[in-house]
Amino acid sequence: MANPFADVTTGPAAEGVSTLPETLRLGAVHLTVTDLDRSVAWYQAALGLHVHRQDVGVVALGAGEEDVIVLHEDATATPPPRRGSGLYHYALLYPTREELARAALRLAAMRTPIQGASDHGTHEAIYLPDLDGNGIELAADRPRERWPSPAEEFSRGGPMPLDFDALLATVEGEGPAAAQVRPGLRVGHVHLHVGDLSEALAFYRDAIGFDVWAMMPTAAFVSAGGYHHHLGLNTWRGVGAAPQRPGVVGLRHWTIVLAAVDDVAEVRARVRQAGLDAEDVAGGFAVVDPFGMTVRIVVAGTR
């Protein structure tokens with residue numbers, strides 16, 4: 001079988017074009033939910049998140065530091081179509097393997113159902129949905145020097161099952177996990193269903209500036225600074241899947257955070273050169289991808 005991972009010379013890596021800086025990180029993921037009180041209670045109990053602030057119809061949550069999730073209530077929102085673009089999952093990245101183990105214990109204590117758990121070589125992950133079906137990955141990275149290359153990952157047959165015994169052994173003897181998550185939690189990556197990989201890469205690689213980490217026939221993983229992926233893109237709902245429509249449960253927008261105003265301006269210049277419309281937002285701008293999903297690019301310190 002041919003290796004589906006390919007070395008890809010990205011558009012931004014071409015001569016005279018800049019890529020996104022390695023200091024990039026991801027900011028808050030904004031989600032539409034149908035019952036805000038119910039969702040906030042679930043995120044607090046199942047994931048141990050803190051409520052940072054709340055307003056009418058909106059609640060921001062995290063680990064007591066920067067926001068990682070912002071929930072927006074729309075009681076009339078409908079489930080996304082089965083063959084449409086939209087959120088596959090977002091990843092909450094724990095600062096240590098021990099913190100992921102404590103998250104697993106918290107899920108077990110609350111009898112929270114999960115959908116799966118994997119060892120990706122680069123990171124370990126537990127998958128579950130929230131009460132509206134929004135996909136969540138709970139993850140902890142391995143040290144970068146231990147990461148397999150994409151080709152090495154494929155050669156072993158893809159992700160392996162997560163070794164829960166080994167994970168939980170890291171916190172053996174601690175007793176029950178604390179009700180609330182400790183500081184250090186952040187958004188690790190976002191993974192989207194899209195209708196076409198070529199179009200997705202033209203937007204996220206060539207206009208926004210991500211580099212390709214790995215390519216598969218039906219998925220691409222892109223990042224900045226050599227990270228395994230800040231963004232996953234897949235056509236698992238079918239090539240030609242319709243753009244995300246308004247009024248559905250799921251992703252409202254996600255956020256790329258850059259260190260300097262000049263970094264934001266550089267990305268905006270590429271977006272403008274690509275003929276795309278950008279909307280001013282606090283600290284930067286927002287742009288809609290070819291599949292109806294909005295990403296905001298803002299300078300650090302923006303809320």
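Tutor: Let's start with the length of helix α2, residues 97-109: at 1.5 Å a residue, its 13 residues should span 18 Å, and the end C-alpha atoms are 19 Å apart, which agrees. The expected span is 1.5 Å times one less than the number of residues. Helices (H or I, at least four residues) and strands (E, at least two) are DSSP runs, numbered from the N terminus.

This is a predicted model, in which local features need pLDDT of at least 70 and side-chain atom pairs count only at pLDDT 80 or more, while totals for chains, interfaces and linings use all residues. Residues are numbered from 1 along each chain as its sequence is written, and side-chain values use heavy atoms, with hydrogens and water left out. pLDDT is the predictor's confidence in each residue, from 0 to 100; its mean for the protein is 93, and 94% of the residues reach 70 or more. Over residues 1-16, however, the pLDDT is below 50.

Back to the helix. The buried residues of α2 are Glu-99, Leu-100, Ala-101, Arg-102, Ala-103, Ala-104, Arg-106 and Leu-107. Buried means under 20% relative accessible area, exposed over 50%, and partly exposed in between, with a 1.4 Å probe and protein chains only. Their cover includes α1 (36-47), β6, β8 (123-129), β9 (135-141) and α4 (164-169).

Just after α2 comes Arg-111, with a positive phi of about 55°. Most residues other than glycine have a negative phi. Arg-111 is found in the loop between α2 and β7 (116-119), and it is exposed, with a relative accessible area of 75%.

Two strands pair if DSSP finds at least two bridges between them. Strand β6 (residues 86-94) is joined by 7 bridges to β11 (residues 186-193), and the two run antiparallel. Within this pair, His-89 stands opposite His-191 in β11.

Not counting residues up to four places away in sequence, Leu-192 touches several residues, including Gly-86, Leu-87, Tyr-88, Tyr-204 and Trp-254.

Technical notes. Contact = heavy atoms within 4.5 Å.
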